[in-house]
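Please look through the sequence and the model below before reading on.

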Amino acid sequence: MDLFEKLKKNQGPLGQHSHFSEGYYMFPKLEGEISPRMHFQGKEMLTWSLNNYLGLANHPEIRKADADAARDWGMAYPMGARMMSGNTNQHELLEQELADFVKKESVLLLNYGYQGVLSVIDALVDRKDVIVYDAESHACIIDGVRLHMGKRFVYAHNDMANLEKQLERATKLAEQTGGGILVITEGVFGMSGNMGDLKSVVALKKKFNFRLLVDDAHGFGTMGETGAGCGEEQGVQDEIDIYFSTFAKSMASIGAFVAGDKDIMYYLKYNIRSQIFAKSLPMPFVVGARKRLELIRTQPELKDNLWKVVNALQNGLKERGFDIGTTQSPVTPVILKGGLADAVGVIKDLRDNFRIFCSAVIYPVVPKGIILLRLIPTAAHTLEDVEETISAFEAVKGKLFNGVYQNEEKLKQMIEGEA
Ligand SMILES: Cc1ncc(COP(=O)(O)O)c(C=O)c1O
């Protein structure tokens, strides 16, 4: 069979619905300044799907710092990988400031979060080592684990009894191979909003010899007293051996970092392929990240404002009978019951009639019959935005209950490309 013919015939699990979803359910275009009110297909929408937790994306001081940096440095400098010709004092200053902020000895900058996690995992383990990871881990962890040449064991999400069982298996195996064990979990899980049970994971260090890697993409800036993340929130930052976060969420930029002991960061610096063989972060991202970190450090009201909105939204939803699962973070899932036709109807009604833009997740990401609407509150939202959204959700929930969206025939036509 011709490779390309095969690809064209089987578009993959998401691509198979592209003919009706492209531009609306998938690859939608949100236009205008990044804020809670953006435009979608010409209409203003109250937007709940951006991880701009602290509202920094469009903060005037940030916009100015970004523009100044682009003017002063251009988008190219420095050229080359850091190891060869792309290192600067600014990169090193940012690393030091991040290390101080997350209370780790040392930090290594990464160009992207996804690629960074993948490559950190790849650099940390060899074929003798064993990885044990949470079943609901983000794709970047799963893909990093896929690169691993040795054994891996998955434990049921946040299930400490199961983690212990997997650690017993991993320990036996590592004793045979002479390797070590790396446990990987997340600070905040991006779909459910619940935290990785880091306290219980680190307690297992008394019984087992392993190192812990935590991807805290959603926790950095949002959790913990100073915003240093879920390790700080749970009082176990010191026990996290490798702490990771991206700049793509609270920092509202691009790039990422990994933090830990000096010796290990030094090892990574010379062994992490995604950095050694790739151009370093351009200066505006580095200078811009320093400015963002300064605001996170010096303006705690950003996080306070975020949590005011989070609490109003989550409490309001709960008071009005919505199931928001087990979230412990700003990530706010709203769990409704319905099939694919219902999900399509709910999203369309919310966008076209109520002007609310949020993301929806359906089977196979969540079990069949469940529609998960995910709201991301930010410091830039207002309490009026919260009220408007909860009222809209109540209306939609009522319609869902009455079967208003169950137009299976229309859905079938859409899926088959006739509509
Ligand atoms: C848990 C988690 N890790 C890593 C990433 C990837 O980060 P980046 O967008 O910087 O590639 C994301 C999402 O963006 C994430 O949610």
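Axes here are lines fitted to C-alpha atoms, for helices over the stretch in contact, and angles run from 0 to 180 degrees between N-to-C directions. Helices (H or I, at least four residues) and strands (E, at least two) are DSSP runs, numbered from the N terminus. This is a predicted model, in which local features need pLDDT of at least 70 and side-chain atom pairs count only at pLDDT 80 or more, while totals for chains, interfaces and linings use all residues. Residues are numbered from 1 along each chain as its sequence is written.

With these terms in hand, the axes of helix H6 (residues 113-124) and helix H7 (residues 139-147) come within 8 Å and cross at roughly 35 degrees. The crossing of H6 past H7 is right-handed, a crossing being left-handed if the near helix is turned anticlockwise from the far one by less than a right angle, and right-handed if clockwise. On the H6 side the contact is made by Gly113, Tyr114, Val117, Leu118, Ile121 and Asp122, and on the H7 side by Cys140, Ile141, Asp143, Gly144, Val145 and Leu147, where two residues are in contact if their C-beta atoms, placed from the backbone, lie within 7 Å. By class, the residues of this contact are eight nonpolar, two polar and two charged; Ala, Val, Leu, Ile, Met, Phe, Trp, Tyr, Cys and Pro count as nonpolar, Asp, Glu, Lys and Arg as charged, and the others, Gly among them, as polar.

Turning to the whole chain, there are 17 helices and 14 strands. The radius of gyration of the chain is 22 Å, close to the 22 Å that the globule rule gives for 419 residues, so the chain is as compact as a globular protein of that length; this radius is taken over C-alpha atoms, and the rule is 2.2 Å times the number of residues to the power 0.38. Of the contacts between residues at least 6 apart in sequence, 71% join residues at least 24 apart.

The chain is divided into domain 1 (3-53 + 301-416) and domain 2 (60-298), with bounds that come from an automatic or database domain assignment. Their centres, taken over C-alpha atoms, are separated by 28 Å, and the contact takes 18 residues from domain 1 and 19 residues from domain 2. On the side of domain 1 that touches domain 2, helix H14 (301-319), strand S11 (332-337) and strand S14 (370-375) each supply at least two residues, and the largest share, three residues, comes from H14.

Most residues other than glycine have a negative phi, and most peptide bonds are trans. The peptide bond from Tyr77 to Pro78, however, is cis, with omega near -5 degrees, and Pro78 lies in the loop between helix H4 (60-73) and helix H5 (89-102). Lys103, which is not a glycine, has a positive phi of about 55 degrees and is found in the loop between H5 and strand S4 (106-110). Lys103 is partly exposed, with 15 other C-beta atoms within 10 Å; a residue is buried if 20 or more other C-beta atoms, placed from the backbone, lie within 10 Å of its own, exposed if 12 or fewer, and partly exposed in between. Arg355 also has a positive phi, near 55 degrees, and is found in the loop between helix H15 (340-352) and strand S12 (356-357).
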